[in-house]
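Biologist: Could you walk me through this one while I have it open?
Modeller: Gladly; here it is.
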Amino acid sequence: MSTEAVGKINLLDLDRKGMEAFFASMGEKAFRASQLMQWIHQRGITDFDEMSNLSKVMRERLKEMAVVHIPETVVEQDSQDGTRKWLLRLDSGNSIEMVYIPEDDRGTLCISSQVGCALACSFCSTAQQGFNRNLSTAEIIGQLFLAKKTLEQDMSDTTKRVVTNVVMMGMGEPLLNFDNVVKAMNLMMDDFGYGLSKRRVTLSTAGVVPAMDRLKEACDVALAVSLHATTDALRDELVPINKKYPISELMAACRRYLDRDGRRKITFEYVMLKGVNDQPEHARQLIKLMKDVPGKVNLIPFNPFPGSKYVCSSRNAIFRFRDLLQQGGVITMTRKTRGEDIDAACGQLAGKVIDKTQRTQRKTIPIRGVAK
Ligand code: SAH
């Protein structure tokens with residue numbers, strides 16, 4: 001952060017409520033919050049002098065008290081399939097990654113919620129890097145700010161919305177950074193922010209059960225749950241937070257999450273690991289588990305990374321698994337692997353994590369090289 005910004009409020013940290021409180025503290029009216037939000041989040045303006053509907057006096061006061069400070073892009077990489085990955089440097093010397101996945105009818109941005117991750121899922125590259133800290137609201141929403149702004153500059157058709165969907169599926173466990181993630185998601189859905197509908201903002205969790213209940217009260221978004229296994233013995237190994245919140249508790253929390261809206265479904269993510277969780281018996285167990293929870297399954301082909309100890313299931317095994325689920329009445333989709341050539345696929349996001357948990361020292365798994 002520049003020395004000029006030190007001690008000032010970063011307006012990207014404030015959702016509507018926060019912005020209104022900020023203006024109230026200045027003795028200003030609440031509508032100023034909407035004005036500022038539109039300049040920042042909709043028009044991508046960070047310089048108060050460009051905000052032409054604010055008086056000169058107001059602009060000077062804002063300059064004294066606040067900044068709009070976004071993470072800095074270190075590397076931007078384009079995949080052959082149109083996927084784009086950014087490596088972003090944060091103020092603390094850490095860096096994170098985010099990914100944009102364009103499709104015919106939508107553009108999905110996959111954003112990070114933490115520097116590294118503390119959950120140690122055995123098939124995930126982010127987990128191998130250990131954990132450093134939670135991202136601030138500004139660092140979370142700053143990713144969307146930056147992606148929208150750069151993609152709009154690159155697009156010839158300016159009438160099209162570039163980011164139509166956001167998934168909290170980058171680095172980190174979003175429910176372990178609850179307050180900042182909720183504030184950022186509120187900004188994504190705010191009419192004066194990014195105006196995304198609640199069906200187009202998805203939070204993916206490894207299953208932090210108490211926080212799933214809190215989320216239900218705090219913020220209405222689509223929920224994805226990283227299930228990946230049908231027995232506690234296997235899930236304990238793949239997603240170790242299962243030891244704390246086993247499958248039965250997780251499924252009960254899913255049912256509670258859906259209580260308020262009968263039309264909703266939960267997406268269950270299921271990574272396809274050869275010979276580990278991809279057998280017909282697993283499909284049958286999964287069908288049983290889903291009997292009481294309205295949901296669909298998203299099969300994710302495993303994306304390998306240096307040192308990973310798993311192999312992706314064969315195409316045939318994935319088809320067979322999908323067919324069995326569908327025959328059992330479970331809506332099933334297979335996630336297309338995108339951005340493989342730039343290591344942008346699920347579970348491959350690495351960034352640069354100054355590991356506080358020392359997991360990286362306990363293990364000998366080499367970490368994929370990242371820009372220094
Ligand atoms: N912490 C959140 C977000 C993680 S990333 C969560 O656990 O849900 C989104 C999805 O990618 C999760 O389902 C995660 O389990 C999965 N994933 C992680 N590593 C993977 C890999 N190497 N291959 C395929 N999917 C992976």
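Modeller: A word on naming before anything else: helices, at least four residues long, and strands, at least two, are DSSP runs numbered from the N terminus. Please also keep in mind that this is a predicted model.

Biologist: OK, then where does Val239 lie?
Modeller: Val239 is in the loop that runs between helix H8 (232-238) and helix H9 (247-258).

Biologist: And is Val239 buried or exposed?
Modeller: Its relative accessibility is 1%, and buried means under 20%, so Val239 counts as buried.

Biologist: What is Val239 in contact with, leaving aside its neighbours within four places in sequence?
Modeller: With those neighbours set aside, Val239 is in contact with Cys121, Phe123, Ala206, Ser226, Leu227 and His228. As for Gly207, it is 32 residues from Val239 in sequence, while the C-alpha to C-alpha separation of the two in space is 8.9 Å.

Biologist: Switching to the sheet: how many strands form it, and in what order?
Modeller: It is an open sheet of 10 strands with mixed pairing, and the order reads S3-S4-S5-S6-S9-S10-S11-S12-S13-S14. Strand S3 (72-78) and strand S14 (332-334) are at the edges, and each has a single partner strand, so one side of each is left without a neighbour in the sheet. From one strand to the next, the twist averages 20°.

Biologist: Which way do S3 and S4 pair?
Modeller: S3 pairs with strand S4 (residues 84-89) in the antiparallel sense, over six bridges, and within that pairing Trp86 in S4 is the bridge partner of Glu76. S4 also pairs with S5 in the antiparallel sense over six bridges, where Trp86 stands opposite Met98 in S5.

Biologist: How many residues of S5 are buried?
Modeller: Seven of the eight residues in S5 are buried, which leaves the strand mostly covered.

Biologist: Which strands does H5 touch?
Modeller: Helix H5 (residues 137-154) packs on the sheet and touches S3, S4, strand S5 (95-102), strand S6 (107-110) and strand S9 (165-168), and its direction makes about 130° with that of S4.

Biologist: And how do H5 and H6 pack?
Modeller: H5 packs with helix H6 (residues 178-189) at an angle of about 35°, the axes being 8 Å apart, and the crossing is right-handed. On the H5 side the contact involves Thr137, Ile140, Ile141 and Leu144, which meet Asn180, Val181, Lys183, Ala184, Leu187 and Met188 in H6. By type, the residues of this contact divide into seven nonpolar, two polar and one charged.

Biologist: Last topic, H1: which residues are buried there?
Modeller: In helix H1 (residues 16-25) the buried residues are Met19, Phe22 and Phe23. They cover an arc of only 95° around the axis, which puts them on the same side of H1.

Biologist: What do those buried residues pack against?
Modeller: They pack against strand S1 (9-10), helix H2 (31-42), helix H3 (56-65) and strand S2 (66-67). The exposed residues Lys17 and Ser25 are carried by the face of H1 that is turned away from its buried side, and just after H1, Gly27 takes a positive phi of about 75°.

How values were computed
Residues numbered from 1 in each chain as written. Predicted model: local features only at pLDDT ≥ 70, side-chain atom pairs only at ≥ 80, totals over all residues. Heavy atoms only, no water. Pairing = 2+ DSSP bridges. Axes fitted to C-alpha atoms, helices over the stretch in contact; angles between N-to-C directions. Contact = heavy atoms within 4.5 Å. Buried < 20%, exposed > 50% of the residue type's maximum accessible area, 1.4 Å probe, protein only. Arc of directions from axis to C-beta. Left-handed = near helix turned anticlockwise from the far one by under 90°. Nonpolar A, V, L, I, M, F, W, Y, C, P; charged D, E, K, R; others polar.
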